[in-house]
Amino acid sequence: MFLRRLLSTAHSFSTTAVANFPKLKSHNGAKKRWRAIANGRFKRAHAGHAHLNVTKRPGRKNHLGETAYSSSTQTSVLKKLLPYGN
């Protein structure tokens, strides 16, 4: 009886979980700063745009408000740091 129960439970386990092991961990710092876009590159916001803006030129503030995109070198590194996109 014990053998029959053991064989019946052995078939209920999934073998697909073994094929996906181990899961890759995303880099937490990159997760907070970068977002993946449709063409495979990444985008981020510029730092230094939130406060202490009195001493900054208007053109500099406009530039800091724009979205920054990853270069080809950064994209290859970010794909390793963020294997699932974000």
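Arg44 stands opposite Ala68 in β3, and three bridges join β2 to β3, two strands that run antiparallel. This is a predicted model, in which local features need pLDDT of at least 70, side-chain atom pairs count only at pLDDT 80 or more, and totals for chains, interfaces and linings use all residues. Residues are numbered from 1 along each chain as its sequence is written, and side-chain values use heavy atoms, leaving out hydrogens and water.

**The sheet**
- The order β1-β2-β3 describes an open sheet of three strands with antiparallel pairing.
- Strands β1 and β3 are the edge strands, as each pairs on one side only.
- Strands (E, at least two residues) and helices (H or I, at least four residues) are DSSP runs, numbered from the N terminus.
- Two strands pair if DSSP finds at least two bridges between them.
- Strands of a sheet pair through backbone hydrogen bonds, either parallel or antiparallel.

- Strand β1 (residues 35–36) and strand β2 (residues 42–45) run antiparallel and are joined by two bridges.
- Across this pair, Arg35 stands opposite Lys43, and Ala36 stands opposite Phe42.
- Five residues lie between β1 and β2 in the hairpin, and Gly40 in the turn has a positive phi of about 95°.

- Ser70 lies in the loop between β3 (67–69) and α5 (72–81).
- Ser70 counts as buried because its relative accessibility is 0%; buried means under 20% relative accessible area, exposed over 50%, and partly exposed in between (1.4 Å probe, protein chains only).
- Not counting residues up to four places away in sequence, Ser70 touches Trp34, Arg41, Phe42, Thr75 and Leu78, where contact means heavy atoms within 4.5 Å.
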